[in-house]
Amino acid sequence: MSCARILMADDHRMVAEGLRSLLEPAYELSEIVEDGRQLVEAALRLQPDVIVADISMPQLNGLDAIAQIRRAGCQAKIIFLTMHCDALYAVRAIRAGASAYVLKQSAGTELLTAIREALAGGTYLAPALADAVARTLAFEPDQAPDEPLLTPRQREVLQLFAEGRSAKEVAGSLHISVRTAENHKAQIMRLLGATSTADLVQCAIRHGLIAPS
């Protein structure tokens with residue numbers, strides 16, 4: 001039987017490469033990408049069995065990247081490997097269709113277990129977050145987190161501006177006009193009640209729309 005194919009996404013290349021020896025030879029590490037847009041492209045091209053992705057990534061965060069991948073029909077098992085020991089992100093990950101949420105500091109002992117659980121159809125949560133996530137999902141199984149309703153495009157625009165990109169750079173990345181990018185930013189600021197770009201970033205972090213760096 002051929003081993004499962006894994007696609008890894010992490011903007012810290014040394015971290016990703018360091019996990020290669022952990023994953024091989026039990027699994028085939030098909031490719032390593034370094035931002036969310038590359039992740040979407042590679043997932044649709046490779047159709048891997050498992051995607052191991054960080055949440056905080058340039059261009060497009062892991063949660064929004066996975067949402068795009070799911071909408072495009074990719075059925076890979078999703079495992080988030082992150083430094084964010086925050087039940088909010090873990091709940092969002094599970095609600096987005098992830099099979100596992102693993103903390104980077106425990107990757108050496110937990111990542112292989114999470115992959116096995118995912119491939120078997122199960123779920124794995126970092127022990128430090130398991131109880132809080134289970135309680136949240138039990139009492140609010142379908143409730144979205146308390147955040148403004150932004151469209152997928154607005155979320156993309158928000159992340160790029162929050163990364164410090166100019167309207168021209170945002171427009172170029174998303175293949176839209178500069179005016180459209182600026183209009184999106186103005187609408188997002190109104191929705192979030194932000195009065196400056198710095199305020200916009202803090203609002204986005206507070207509402208979980210982007211992960212803190």
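User: Contact here means heavy atoms within 4.5 Å. With that in mind, which residues does Q154 touch, not counting residues up to four places away in sequence?

Analyst: Happy to start there, keeping in mind that this is a predicted model. Q154 sits in helix 8, and its C-alpha atom is 6.4 Å from that of H184, which lies 30 residues away along the chain. Leaving out residues up to four places away, the partners of Q154 are L149, H184, Q187, I188 and L191.

User: Is Q154 buried or exposed?

Analyst: The cut-off for burial is under 20% relative accessible area. Q154 has 8% relative accessibility, so Q154 counts as buried.

User: How are helix 8 and helix 10 oriented relative to each other?

Analyst: Two packed helices are described by the angle between their axes and the distance between the axes. For helix 8 (residues 152-162) and helix 10 (residues 178-192), the axes come within 10 Å and cross at roughly 95°. Angles from 65 to 115 degrees count as roughly perpendicular, so helix 8 and helix 10 are roughly perpendicular.

User: How do the residues of the contact of helix 8 with helix 10 divide into nonpolar, polar and charged?

Analyst: Helix 8 brings R153, Q154, V157, L158 and F161 to this contact. From helix 10 come A181, H184, K185, Q187, I188, L191 and L192. The residues of the contact divide into seven nonpolar, three polar and two charged.

User: At what angle do helix 9 and helix 10 pack?

Analyst: Helix 9 covers residues 167-174, and its axis is 8 Å from that of helix 10. The two are roughly perpendicular, which means an angle from 65 to 115 degrees. The packing angle of helix 9 and helix 10 is about 105°.

User: What is the relative accessibility of A181?

Analyst: A181 is found in helix 10. Leaving aside neighbours within four places in sequence, A181 is in contact with V157, F161, A167, V170, A171 and I176. A181 counts as buried, with a relative accessibility of 0%.

User: Which element gives the most residues to the largest nonpolar core?

Analyst: That core has 32 residues, and L7, L39, I51, I66, I69, F80 and Y101 touch the most other members. Among the elements that give two or more residues to the core are strand 1 (5-9), helix 3 (36-46), strand 3 (50-53) and helix 7. The largest share, five residues, comes from helix 5.

User: What covers the buried residues of helix 5?

Analyst: The buried residues in helix 5 (residues 87-95) are Y89, A90, V91, R92, A93 and I94. In soluble globular proteins, nonpolar side chains tend to be buried together. The cover of helix 5 includes helix 4 (62-71), strand 4 (77-82), strand 5 (100-103), strand 6 (124-125), helix 7 (127-139) and helix 11 (197-206).

User: Which residue has a side-chain oxygen within 2.8 Å of the backbone nitrogen of L88?

Analyst: This is a detail at the start of helix 5. At the other end, helix 5 is followed by G97, whose phi is positive, near 105°. The residue whose side-chain oxygen reaches the backbone nitrogen of L88 is D86.

User: Is Q59 buried or exposed?

Analyst: Q59 lies in the loop between strand 3 and helix 4, and its phi is positive, near 70°. Most residues other than glycine have a negative phi. At 17% relative accessibility, below the 20% cut-off, Q59 counts as buried.

User: And what is the relative accessibility of Q47?

Analyst: Q47 is placed in the loop between helix 3 and strand 3, with a positive phi near 50°. Q47 counts as partly exposed because its relative accessibility is 38%.

User: What is the omega of the peptide bond from E24 to P25?

Analyst: P25 is located in the loop between helix 2 (20-23) and strand 2 (28-33). Most peptide bonds are trans. The bond from E24 to P25 is cis, with omega near 10°.

Notes. Residues are numbered from 1 along each chain as its sequence is written. This is a predicted model: local features need pLDDT of at least 70, side-chain atom pairs count only at pLDDT 80 or more; totals for chains, interfaces and linings use all residues. Side-chain values use heavy atoms; hydrogens and water are left out. Axes are lines fitted to C-alpha atoms, for helices over the stretch in contact, and angles run from 0 to 180 degrees between N-to-C directions. Helices (H or I, at least four residues) and strands (E, at least two) are DSSP runs, numbered from the N terminus. Angles under 35 degrees count as roughly parallel, over 145 as roughly antiparallel, 65 to 115 as roughly perpendicular and the rest as oblique. Ala, Val, Leu, Ile, Met, Phe, Trp, Tyr, Cys and Pro count as nonpolar, Asp, Glu, Lys and Arg as charged, and the others, Gly among them, as polar. Buried means under 20% relative accessible area, exposed over 50%, partly exposed in between (1.4 Å probe, protein chains only). A polar contact is a pair of N or O atoms within 3.5 Å; within protein, one must be able to donate a hydrogen and the other to accept it, and residues adjacent in sequence count only if both atoms are side-chain atoms. A nonpolar core is a set of buried Ala, Val, Leu, Ile, Met, Phe, Trp, Tyr and Cys residues joined through side-chain atoms within 4.5 Å.
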